[in-house]
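User: Hi! Could you walk me through this model once it is on the screen?
Analyst: Happy to, just ask away.

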Amino acid sequence: MAQTPKIAVAMTVNGQDVSARLEARTLLVQYLREGLRLTGTHVGCDTSQCGACVVHVDGKAVKSCTILASQCEGAQVVTIEGLAHGDKLHPMQEAFREHHGLQCGFCTPGMIMTAVDMAQRLGTPDEHTIREELEGNICRCTGYHNIVKAIDAGCHEMAKGQHRQAAE
Amino acid sequence: MTKTGIGASVKRKEDQRFITGSGQYTDDVSRPGHVHAYFLRSPHAHAVIRRLDIAAAKAAPGVLGVFTGDDLAADKIGGLICGWMIHSKDGSAMKAGAHPALAQGKVRYVGDHVAVVIAETLAEARDGAEKIIVDYEVLPAVIDTAGAQAAKTQLHDVAPRNTVFEWAIGDKAATEAAFGAAHHVTKIDLVNNRLVPNAMEPRAAIGEYDPGQGAYTLWTTSQNPHVARLVLSAFIGIAPENKLRVIAPDVGGGFGSKIFIYAEETVAVWASKKVGRPVKWVSDRTEAFLSDAHGRDHVTHAELAMDAKGKILALRVKTIANLGAYLSTFSSSVPTYLYATLLSGQYDIPAIYAEVDAVYTNTAPVDAYRGAGRPEATFVVERIIETAARQMGLDPADLRKRNFVRKFPHQTPVIMMYDAGDYRASLDKAMEIADVKGFGKRKREAARRGRLRGLGYSTYIEACGIAPSQAVGSLGAGVGLWESAEVRVNPTGSVEVLTGSHAHGQGHETTFAQLVSERLGVPMESINIVHGDTDKVQFGMGTYGSRSGAVGMSAIVKALDKVEAKAKKVAAHLLEAAEADIDFKDGKFTVKGTDKSVAFADVALNAYVAHKFPTSEIEPGLKEGAFYDPTNFTFPAGCHICEVEIDPETGVTEIANYTAVDDFGVLINPMIVEGQVHGGIAQGIGQALTEGAVYDASGQLLTASYMDYCMPRADNLPSFKLGFTETRCPSNPLGIKGCGEAGAIAAPAAVMNAMTDALGTEAVAMPATPQAVWKVAQSQQKLAAAE
């Protein structure tokens, strides 16, 4: 059988330029996990329902199990590993810890990436909106109670940060 | 209470790695040169394999090996086992059909393992599996739980009428007599729907063989790595225990489904030697639906005998429990000793008799899922008492109060000896938080908007801290259920705790450290909790049945007692005082009545330097181990109150209010306990309203993805209102009862009592999906119109 054809792909992941020759069918999540060993992005289902694989592509939350790596040619990709600034956690990461928004931790990277996207789009959404926005992220441990609290707090922290930046 | 000690809501130590994406789950582990396993699974629920031709698959690109049941048999690899013996009423042993890891001549459910293909890449393994030729002679499938015993088809030769056992508990004659004298009898028929556990991390395994050592290592998604090693070694025959290391790294949720020893890890570790490369298998979600052990699946008829004043006289129950196609590791214990022993609920019931028939069907094996038997028992008891109250025109809270157990210890008619509790206290507190008084007003207001509002109670009890070894042994358990701990104090005073428990979301790294911090006065950051590696940790029994606080932490307490005793001896020499005069508090050893003291870390250092005490009397070092076996189960209990609002035009249900008041005894970390309750409630609401595994008549699983099996999402659930009451558990040193399963145990009955209240009929089945609710609402409206 002929070798599966490979194509060249280049993108920026967590601020670093990366490139590889990949089978055309390689999903972004496979490239991140297996190619770049960024294993913080998880695979929890095969139907794009669970959201454990959410990353940011050009500033938007994307399920990395539902996009080919080759579709991200030239894109800016941010994964959970790229969210903190050095030792300083992102406010949404802090909020998840502060409000016990995680238990087993498996859905957490996707939850946090979704939550950051939610804050960027909606500012400080109310509880009802947060719950509806989480439709695409499944957690089996927390009953969402503390995830909702964490996202609410994280959104407010992010908004404060923007005010500070605007004032400076 | 110190800032980090028992009772403090300390933020979790484990969170740093999880919120930064640095967790190490099994699929994150990468071994040099590892290859991939793909299982060819049966597409039929029941079939004889007439021919299995693997020649073309073996020759496919990238394929290193293709193995079948014959290869396992040739290597004398045994079948999977069920570790809990149940005897039928007639004294006969349960009928355990052979359970090969790879099929031998027959498949018995869709997803059953036919062969494994090992290849360089997963894609090549899948492509290789496409080339396997199987001739199936399809047999009729047995699917229906209630109909399995009458089916013409038999799954296992050893099990006539597809019956695993016909078991009973309680006093039949006393129960019949009580029914004869009853003023009122309430009868109810219930189906406890089949669920799929759905930990978010799918099961996974990596097997690796080291020819130099002649030893295997297995990384696997396990709640109990030592039990996995014991079974893989002693029963399945992979390798002697000293030549098999099992590592369960970060595990992304278990809920029972990762207790069991499955075909996939058995084959992966065995095959690593066959192909001479580490072998990785990761379940995809559909495989998880097909092959993870499912939960629940009971069909029950129950009858409650009451006197004229609403005092319960007796309960009789007949349950048929579906155990699927094979007996999973602890499956037989779930519908028996974990179920019927809780049928007394929180009530003083003079006589109980329960019969449980367990049956084989052509479906995935069924075993423990969060609550394991106790949600099923609570559902029976709490649905029937609510129904009885409605039939007798009594207030359901009052009826419960009249029948609560008030004196402890209390011996039920079904084995359990309740040791402590105050059921009235949790009911009262829950009624206050839920504002039950204001419910009538809320119901009228909802009616004006065309909505049906209902309220339901669930005053549940569970038996947790699953243990005492002799007790469980007498009931058929193949193992003792104690727990182990080792506390290693390092020369610099930092501490490692090696525990036989295993955390997969429960936060042991924090709560266990809180205990050590409080006892030794050592800061949280100087304490490491080590678990999940059979090469590091002494034999332990693992985590399930809400046991890691009550049993696991008690073992740590015992080891800490020994560490303190030893350290006192060393301190006595350092302080030149008699051992009896040494006090230990807040990390300091002092001599009674003096200002002489020495810090814990200095004692630790001196224990290792060993210059200042006679080593003929005191051994150097500071490290102690303990095994702890409790004297009884623990009995967490409480009251959950659910208020629903139904739109009869669409069938959509909203959980308007959910209140949980639980008595878990002493709380180590209230923040973590609340999180456990939230998650349990969500799974219980999921069972009541959204989740259900559905097989069609031919045995195809119709709900095999998140497109078809409705996991509760954030917008299906409310924020929960929690409260706690406390009666100390007298059966362990910390007074802990356990909190991991309560929500899942209490919630289905609370929700369904609210649903049936709102809809005005008891005939509402789980899951009460919008379609099902709409149908009931419409027929109720027609009935009302006709009257």
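User: In what order do the three strands of the open antiparallel sheet in chain B come?
Analyst: The order is S22-S23-S24 in chain B, with antiparallel pairing. Two strands pair if DSSP finds at least two bridges between them. Helices (H or I, at least four residues) and strands (E, at least two) are DSSP runs, numbered from the N terminus. Before we go on, this is a predicted model: local features need pLDDT of at least 70, side-chain atom pairs count only at pLDDT 80 or more, and totals for chains, interfaces and linings use all residues. Residues are numbered from 1 along each chain as its sequence is written, while chains are lettered from A and ligands numbered from 1 in the order in which they are written.

User: Which strands stand at the edges there?
Analyst: Strand S22 (582-585) and strand S24 (597-599) of chain B do; each has a single partner strand, so one side of each is left without a neighbour in the sheet. Strand S23 (588-591) of chain B is joined to S24(B) by three bridges, and B:Phe589 stands opposite B:Val598 in S24(B).

User: Nice. Which helix packs on the sheet and touches S22, S23 and S24 of chain B?
Analyst: That is helix H15 (548-574) of chain B, whose direction makes about 125° with that of S22(B). Axes are lines fitted to C-alpha atoms, for helices over the stretch in contact, and angles run from 0 to 180 degrees between N-to-C directions. Helix H16 (600-609) of chain B also packs on the sheet, touching S23 and S24 of chain B, at about 75° to S24(B). Contact means that the C-beta atoms of two residues, placed from the backbone, lie within 7 Å.

User: Switching to chain A: what is the strand order in its open sheet of five strands?
Analyst: S2-S1-S5-S3-S4, with mixed pairing. The edges are strand S2 (16-23) and strand S4 (60-63) of chain A, each pairing on one side only. Neighbouring strands of this sheet are turned by 40° against each other on average, direction ignored. Helix H3 of chain A packs on the sheet, touching S3 and S4 of chain A, with its direction about 40° from that of S3(A).

User: And how many residues of chain A are in contact with chain B?
Analyst: 43 residues of chain A, against 42 residues of chain B. H2(A) gives the most to that side of chain A, with four residues. By class, that side has 20 nonpolar, 15 polar and eight charged residues. Here Ala, Val, Leu, Ile, Met, Phe, Trp, Tyr, Cys and Pro count as nonpolar, Asp, Glu, Lys and Arg as charged, and the others, Gly among them, as polar.

User: How is chain B divided into domains?
Analyst: Into domain 1 (31-139 + 201-252 + 258-291), domain 2 (298-466 + 632-786) and domain 3 (482-628), with bounds from an automatic or database domain assignment. The centres of domain 1 and domain 3 of chain B, taken over C-alpha atoms, are separated by 40 Å. Still, 15 residues of domain 1 of chain B are in contact with 13 residues of domain 3 of chain B.

User: One last thing: is helix H12 of chain B well covered or hardly covered?
Analyst: Hardly covered: among the 10 residues of H12(B) (439-448), the count of buried residues is one. Buried means 20 or more other C-beta atoms within 10 Å of a residue's own, exposed 12 or fewer, and partly exposed in between, with C-beta atoms placed from the backbone. Just after H12(B), B:Gly450 takes a positive phi of about 80°.
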